[in-house]
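Thanks for coming, everyone. Today I want to talk about charged side chains and their partners. Let me put the model up.

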Amino acid sequence: MGDEEAEKVKDVAEDVGHAYGEWFRRYMHTFTRRFFEWFFVFLFGYYNISFGWLMAPLFFLVLRDKRAKEKKMKFDIIQSIANADEKDILQEIQRFSNLPSWVTFPDMERVEWLNKIIRQLWPYAGHYVQDLCKFSIEPSMRTALEEYKLSGFKFEKIILGDTPPRLSGVKVYDDTSRHEIIMDMDFAYAGDCKFEVSVSKFKMGIKDLQISGRMRVVMKPLVRQIPLVGGLQVFFLNNPDVDFNLIGLADVFDMPGLSDILRSIVIEQIAHMMVLPNRYPIQLVEDINTADLKCPSPAGVLRIHVIEAQNLMKKDVGLMGMGKSDPYCILRLGAQKFQTKTINNTVNPKWDFCCEFLTDVIRSQAIEFEVFDVDDGPTKDDLLGRANLDVHDIWKNGEVDMWVPLSDAKSGRIHIRAAWLDLDEAASSLELQLEEIRALQTSTKNPLHSAVLMVWVDSAKKLNNIPDPFVRLHVGNSQQETTVRQRTNDPVFEEGFTFLVRNPRTQELKIEVLDHKTNQLQGKIEVDLNVLLKERNLEILNEEHTLSGASGGLAALKLNLTLRILKTALKKDDGDGGPEEKGVLVKSESKVSEPSVDECIDEVMSSAASPLMHMGPSVTSGEDSSLRQRSPNEAGVHGLGRIELTVKYGPRNNLVTVVHQIKNLPVEEDGELPDPYVKLYLLPDRSKDSKRKTDVIKDSCNPKYDERFEYAIPSNELTQRTLEVNIINKKGLLFLQRSPKMGQVLLDCGLLDANKVTQWYDIAPAMDDDDE
């Protein structure tokens, strides 16, 4: 036998040995597991231990195995998407699911090209991820886990794996400032990474990490030298979906409840780093304004009033089918979260809860509302339904007040009032906002704010004893901190913070510089915010403030302070963009009174005729404006009245319809006023699932509804759908109604105009006798 053949025999023998060893290892693992399982059963019987003690661990194992299978299936689906070809993915999505209306197949080639670059660069990203974990995530996780009495969190091993993240559905905005580029993209990662950590001297790990969500990349400012982009801002618009499997000691605790705590901590840390209003900045050029890159000014503030809910599902069912719920509502915008109080034993709660969100972007973000029933048991609280409001709609209208039906629920709706507040540089606007707050405080006890304070902590100098310094800032009950700088007397922080201020005339900013190791105070500053009201543009820039309490009196902290007054916004004249897309802050005048009916009609009649309606607006935009004002057709061309609707196709593949109001409905033949309501169908489906209804307004020819409805519909089906809007008269007894259908409007969903989402439509005679 030659040397070559001997080498082959040796290799075969080694392979057989490895295969046998792997089989034997698995066999012994299974045998040992089964042995201990039966041994414990034997012990339970031998010592006559209660059967309940046996069921508890069995129930634990069953739940654990079920959860593991569900997570494995989810991971396999996300991983297959992350590794598949872009065109194959989108073709399947277009066939079976929802495809964003702005995604086209020519874009896919560019996206696939981008993913190839990411795959090529992925092996070189290991060192960057290690630094990110060690210096950013590790300190934050250590602080978060200390609240659960777990100390000493540390990354022991970081293996990035071979599978890179995948980007898809890239959209580049073309109506932004010329000094920036804004891209939205779907981010999906389901890789083979592995992180081993130690907590309280116990070692554990995470594998099969999954992250998916809508990511935005802002390239700003654009510069004249290579690389042409001064910096990047990377962030998620809302909290991404995160999941993972635990290994090591932590695998024992991979159960609902226990693992959910760790998962919530991980999501919280991701949100703290890069979910709006938090951003992950990457500076590419030295000579740029770092404050604008790392902490740009907010676009405005959203004031949300969750008033009440009606007809919620009954989760606490009692005798004879009667029951109630104990509902509360959670509000989310990006990483910001608020929760109402719980109202016990009701399906019609009245919360009167008011809160305010700092808002950084206008487009592609929504406020999410989730209603839950408190569950006193070991399981999670029961979901009673979800709803959302687009930030852009609130910004455009200035203020909305409507009932929104709950999705993922058999019944229920929620009454929401939302207002957009601009940021104003004029101190004279403060008194007007304080008056509005005083009026609002009569209906809600929650604290409201009149101004926004932005603080840029640049650097400190001449601190004592070579500390590990960090800065803690207080405004009222709000407290925020910088990251810790290691072993330096002259730390450079370059971090920005934003606070909501109740009244800048009476409040102050308190700043402390502390040593992280000893918690010793290095010095402090107190700034009366009333001083900012007297400054030009309400700001103090690049000023060094001497730290009081510091030995020697030489220590100082360099700050930028900017105050902006909240100002109630007017309804915008157009539907384009928002402050962040235009690159300027929208400044509005003080709120004015509501326009009259005639003014509304005149405004409507100056708009272009729309192809969406069954019978369009009675006057086209080509006619002379003076003629329109002299002879408006207030009752429409058919004399049946006019209805104001908002109809648009949203970014989450949902058709949103808002029924605002109806004008000039005809009276009954006997002179009685009708009891009108609006009923919607998304044709060709005329089933119960397709039907939506507003409230009935008694005795009115000019009813106002402001009710919002949604249909989940893939974009490729829009051209096959028609929205049927029926106006029904509820007057009379159930079987003796005199004229149930007063008229209708038909809207072709395939012809929706994104620039004309809110319009008045002439009500036409009904084409069928669809009964209630």
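Start with Arg472, which sits in strand 20, residues 469-475. Strands here are DSSP runs of E, at least two residues long, numbered from the N terminus. This is a predicted model: local features need pLDDT of at least 70, side-chain atom pairs count only at pLDDT 80 or more, and totals for chains, interfaces and linings use all residues. Residues are numbered from 1 along each chain as its sequence is written, and side-chain values use heavy atoms, with hydrogens and water left out.

What does the side chain of Arg472 make a polar contact with? The side chain of Glu481, at 2.8 Å. A polar contact is a pair of N or O atoms within 3.5 Å; within protein, one must be able to donate a hydrogen and the other to accept it, and residues adjacent in sequence count only if both atoms are side-chain atoms. Leaving out residues up to four places away in sequence, Arg472 touches Gln479, Gln480, Glu481, Lys510, Ile511, Glu512 and Leu514. Touching means heavy atoms within 4.5 Å.

Now salt bridges. Side chains of opposite charge can pair when their charged atoms come close. The rule is a side-chain nitrogen of Lys or Arg within 4 Å of a carboxyl oxygen of Asp or Glu. How many salt bridges does that rule give? The count is 33.

Take Arg386 and Asp408. Their closest N and O atoms are 2.8 Å apart. The pair links distant parts of the chain, 22 residues apart: Arg386 is in strand 16 (382-390), and Asp408 is in the loop between strand 17 (399-405) and strand 18 (413-424). Arg386 is partly exposed, at 33% relative accessible area. Asp408 is exposed, at 54%. The cut-offs are under 20% for buried, over 50% for exposed, and partly exposed in between, with a 1.4 Å probe and protein chains only. Arg386 and Asp408 also belong to a salt-bridge network with Arg332 and Glu370.

Next, Glu707 and Arg413. They meet in a salt bridge at 3.0 Å, N to O. Glu707 lies in strand 31 (residues 704-712) and Arg413 in strand 18, so this pair ties together parts 294 residues apart in sequence. Buried or exposed? Both Glu707 and Arg413 are buried.

Last pair: Asp762 and Arg642, a salt bridge at 2.9 Å, N to O. Asp762 is in strand 34 (residues 758-762) and Arg642 in strand 27 (residues 642-649), so parts 120 residues apart in sequence are tied together. Asp762 counts as buried, at 0% relative accessibility. Arg642 counts as buried too, at 1%.

Conventions
Helices (H or I, at least four residues) and strands (E, at least two) are DSSP runs, numbered from the N terminus.
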